[in-house]
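Here are my notes for someone opening this entry for the first time. Keep the viewer at hand and go through the points in order.

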Amino acid sequence: MAASTSRLLPFLSPSKPPVAPFLLRTGGPTSRVSCAATGQTGFFTRLGRLIKEKAKSDVEKIFSGFSKTRENLAVVDELLLYWNLAETDRVLDELEEALLVSDFGPKISFKIVDILRDDIKAGKLKSGPEIKEALKRSVLQLLTSKGGNTELQLGSRKPAVIMVVGVNGGGKTTSLGKLAHRLKNEGVKVLMAAGDTFRAAASDQLEVWAERTGSEIVMAEGENAKAPSVLSQAVKRGKEEGYDVILCDTSGRLHTNYKLMEELIACKKAVSRVVPGAPNEILLVLDGTTGLNMLQQAREFNEVVGVTGFILTKLDGSARGGCVVSVVDELGIPVKFVGVGEGLDDLQPFDAEAFVDAIFS
């Protein structure tokens with residue numbers, strides 16, 4: 001069979017009616033949104049906001065997911081409990097060390113501590129609680145000023161296309177599957193594209209996720225299939241058959257593997273030829289347990305394909321939650337989702353305020 005052919009595998013139960021593209025489940029009675037009333041722009045705008053709002057109502061997952069980072073930073077409360085002006089330098093030095101241990105990075109740690117020191121000397125901060133609140137404000141300001149819009153930006157027409165990229169072992173395919181689950185829960189018609197043609201088991205793994213989430217999937221047939229061809233066919237099918245969102249998996253690669261990095265460029269071009277302006281989002285999956293080591297990966301991927309947002313995974317198993325702030329500060333690209341557990345619902349939309357409260361509770 002020709003290498004460029006693909007097959008569409010349906011995993012929607014025949015006994016269940018298809019979900020209408022404009023049927024949003026909001027936790028209460030479902031409401032049908034008229035296409036004529038809102039258009040496709042309204043659908044995607046509302047979808048992005050709805051996902052973000054649900055993150056605010058589920059802060060417990062964020063809180064528990066960052067427990068190890070919070071334990072690392074518990075020393076902040078101890079330092080500030082009996083703070084007095086005479087011990088300012090010692091306390092701030094230890095606070096700086098706590099931030100560094102949690103992978104905030106030297107640049108951010110020094111900057112935050114210098115701001116606190118200046119405010120203390122100017123008499124603006126006169127107690128431990130005031131210093132802690134100023135610390136939280138500084139971190140939040142970094143995230144909101146440099147992180148931009150953390151909502152998914154899905155454009156103004158269907159289908160919206162999301163490419164998911166990253167290195168092997170970072171949780172790329174799993175994150176894509178969990179994102180599909182979240183979108184399906186909001187009534188979105190999702191099509192997956194198995195663009196990881198480099199790793200033999202990757203398509204099988206994504207096929208399992210398609211089944212679990214009730215999505216459909218386009219998979220390559222033939223050993224010599226090329227990823228750009230698979231993604232192109234998936235986007236064509238999504239456009240013809242009225243899908244809302246197409247989630248494109250790609251081959252995991254080290255940022256130093258230039259041949260595979262060039263393939264990402266070809267994938268991006270193949271998608272844009274079918275839907276001008278696509279992909280709407282290019283989400284880079286980064287392993288949170290690697291801490292600041294992820295920064296070089298992020299720089300390389302961004303230089304090659306223009307990353308629009310990050311998914312930081314495995315943060316529940318790491319005390320390096322400060323890397324969230326570091327990657328935003330270094331690159332000015334928003335974190336859109338964080339992985340805080342193994343469950344289907346544990347890929348959480350990133351909320352800066354909830355994150356700061358979780359690590360400095």
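1. How many aromatic pairs does the count come to? It comes to three. One of them is F104 with F360: the ring centres are 6.4 Å apart and the planes stand at 35 degrees, so this pair is tilted. The cut-offs behind that word are simple enough: under 30 degrees would be stacked and over 60 edge-to-face, with tilted for the rest. One thing to keep in mind throughout is that this is a predicted model.

2. Stay with that pair for a moment, as it links distant parts of the chain. F104 is in the loop between helix 5 (88-101) and helix 6 (106-121), while F360 belongs to the segment after helix 14 (352-359), and 256 residues separate the two.

3. Next, look at F350 and F355. They also form a tilted aromatic pair, with 5.6 Å from centre to centre and 55 degrees between the planes. F350 is buried, and F355 is too.

4. The charged end of K189 sits over the ring of Y243, at 4.6 Å from the ring centre. Likewise, R212 has its charged end over the ring of W209, and here the distance to the centre is 4.4 Å.

5. Now for a bit of helix packing. Helix 12 (residues 294-305) and helix 13 (residues 323-331) have axes that come within 10 Å and cross at roughly 35 degrees. The crossing is right-handed. Which residues meet there? From helix 12 they are M294, L295, A298 and R299, and from helix 13 they are C323, S326, V327, E330 and L331. Sorted by type, the residues of this contact come out as six nonpolar, one polar and two charged.

6. Have a look at the backbone as well. Most residues other than glycine have a negative phi, and most peptide bonds are trans. Two cis bonds deserve a click. K158 and P159 are joined by a cis peptide bond with omega of about -5 degrees, and P159 lies in the loop between helix 7 (128-146) and strand 4 (160-166). A278 and P279 are joined by a cis peptide bond too, this one with omega of about 0 degrees. P279 is in the loop between helix 11 (258-274) and strand 8 (281-287).

7. With a relative accessible area of 11%, D103 falls under the 20% cut-off and so counts as buried. K314 has a positive phi of about 60 degrees and lies in the loop between strand 9 (309-313) and helix 13. At 34% relative accessibility, K314 counts as partly exposed.

8. A319 is found in the loop between strand 9 and helix 13 as well, and it is partly exposed, with a relative accessible area of 24%. What does A319 touch, leaving aside residues up to four places away in sequence? The answer is K68, T69, N72, V101 and S102. Take K68: the two C-alpha atoms are separated by 4.6 Å, although A319 and K68 are 251 residues apart along the chain.

9. T88 is a residue of helix 5 and counts as buried, at 8% relative accessibility. Beyond residues up to four places away in sequence, T88 touches W83 and I120. Its C-alpha atom is 9.2 Å from that of K121, which is 33 residues apart from T88 along the chain.

10. To finish, zoom out to the whole chain. There are 14 helices and 11 strands. Of the 361 residues, 53% count as buried. Among contacts between residues at least 6 apart in sequence, 78% join residues at least 24 apart.

Methods: Residues are numbered from 1 along each chain as its sequence is written. This is a predicted model: local features need pLDDT of at least 70, side-chain atom pairs count only at pLDDT 80 or more; totals for chains, interfaces and linings use all residues. Side-chain values use heavy atoms; hydrogens and water are left out. Rings of Phe, Tyr and Trp (its six-membered ring) pair if their centres lie within 6.5 Å; planes under 30 degrees apart count as stacked, over 60 as edge-to-face and the rest as tilted. Helices (H or I, at least four residues) and strands (E, at least two) are DSSP runs, numbered from the N terminus. Buried means under 20% relative accessible area, exposed over 50%, partly exposed in between (1.4 Å probe, protein chains only). A charge sits over a ring if NZ of Lys or CZ of Arg is within 6 Å of the ring centre and within 35 degrees of the ring normal. Axes are lines fitted to C-alpha atoms, for helices over the stretch in contact, and angles run from 0 to 180 degrees between N-to-C directions. A crossing is left-handed if the near helix is turned anticlockwise from the far one by less than a right angle, and right-handed if clockwise. Contact means heavy atoms within 4.5 Å. Ala, Val, Leu, Ile, Met, Phe, Trp, Tyr, Cys and Pro count as nonpolar, Asp, Glu, Lys and Arg as charged, and the others, Gly among them, as polar.
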